[in-house]
Amino acid sequence: HNEDLSDQVLDNQEQVIRNYLSDKAEFQIVQIYCDNGCTGTNFKRDAFEQMINDIKAGKINCIIVKDLSRLGRNHIEVEQYLQVIFPFLKVRFIAVNDNYDTLSKDSDITVSLKNIVNAAYAKDISRKIYSAKQALMEKGMFVGNIPPYGYDKAKDDAHKLVVNKHTSQVVKQIYELKQQGKKYAHIADILNETGEAAPMKYWYRKGLVRNEKYANVMWSTPTIRNILRNRMYLGDMVQGKHRQCLADGRPGAKAQSEDEYIIVKNTHEPIIEPGLFERVQEICDEELQINREKRWRNDNLVNSEYVLENMIYSIDGQKMYRTRNVYANN
């Protein structure tokens, strides 16, 4: 339903622009750019970036939006585009409902104020959305888009979790293998060899995620570790691990400390027995301690400067980590 509503909003925006152009023969529509499902509080949006590339390539020289908030809600960045970037690229900008046109001397002089209002509106909406979600989480209701691997959302209530007969067996297999002393990477190899779809690949096939980068994703050490550490398999609802402010322009979410998690016990059917879960946690803790001791044993060596910081990035936007291995004190 949310996707249908979003599509309807975009259709309405497009219709406003088409009505505006209906009696203006001097305009020719080259492309319609839609960022469906992306926040307007930052400019890291696929369609927006494609539009900028088309401007640089000389394909378009005018941008028309329904109103200023459709360009963005971060008023500082919006002003930068209106006052600096678009003029530099020789691009005309029109916001239909705000009566704003960069070629018109009669354009509304209060555009800066409107941008500030849009930014404040985004922050207010962000606070209200978080408050509403927090209230549901405190009641033990699931509020995520994708359920934990091993569960499905109940067909009659998207806030309830029900056991998935197939993937729950995979979760049990992972815990049994860990109890036998298998390493994370070994468990991942076993599942990859059997052809079992990794969680994000499974949800991609089900249509719950649409990014094609998940179409062929494999089982990995982090995926196995996350499943083995997830208290949701005990039947407890654990949420609020991350919090994203829709208005701050950041694409990611900030990790919360464990004491800030919202935990409600016995909200759904467990997949893993408490005894098995606790034994696996002990095994994972022991491995973690051993790994930490190995990692810290060469702390006395001088750490070289990180010359690639902020210069090299993952092509698909994933977070990157610097690692260092020491052999024979080299």
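Which residue in S2 is the bridge partner of cysteine 62?

A: The bridge partner of cysteine 62 in S2 is arginine 92. Before going further, please note that this is a predicted model, in which local features need pLDDT of at least 70 and side-chain atom pairs count only at pLDDT 80 or more, while totals for chains, interfaces and linings use all residues. Residues are numbered from 1 along each chain as its sequence is written, and side-chain values use heavy atoms, with hydrogens and water left out.

Cysteine 62 belongs to strand S1 (62–65), and S1 pairs with strand S2 (residues 92–95) in the parallel sense over four bridges. Strands here are DSSP runs of E with at least two residues, helices are runs of H or I with at least four, and both are numbered from the N terminus; two strands pair if DSSP finds at least two bridges between them. Together with S3, these strands form an open sheet of three strands in the order S1-S2-S3, with mixed pairing. Strands S1 and S3 (100–101) stand at the edges, and because each has a single partner strand, one side of each is left without a neighbour in the sheet. Strands of a sheet pair through backbone hydrogen bonds, either parallel or antiparallel.

As for its surface, cysteine 62 has 22% relative accessibility and therefore counts as partly exposed, where buried means under 20% relative accessible area, exposed over 50% and partly exposed in between (1.4 Å probe, protein chains only). Cysteine 284, by contrast, is buried, with a relative accessible area of 1%. The structure holds zero disulfides, a disulfide being a pair of cysteine sulfur atoms within 2.5 Å.

Aromatic rings come next. A search of the whole structure finds 10 aromatic pairs, counting rings of Phe, Tyr and Trp (its six-membered ring) whose centres lie within 6.5 Å, with planes under 30 degrees apart called stacked, over 60 edge-to-face and the rest tilted. In one of these pairs, the rings of phenylalanine 48 and tyrosine 81 have their centres 5.2 Å apart and their planes at 85°, so the pair is edge-to-face. Because phenylalanine 48 lies in helix H2 (residues 46–56) and tyrosine 81 in helix H4 (residues 75–88), the pair ties together parts that are 33 residues apart in sequence. Phenylalanine 48 counts as buried at 5% relative accessibility, and tyrosine 81 likewise counts as buried at 14%. Ring pairs link Phe48 and Tyr81 with Phe86, Phe93 and Tyr100 into a cluster.

Beyond this part, strands S4 (residues 151–154) and S5 (residues 157–163) run antiparallel and are joined by four bridges, with a hairpin of two residues leading from S4 to S5 and alanine 154 standing opposite aspartate 157 in S5.
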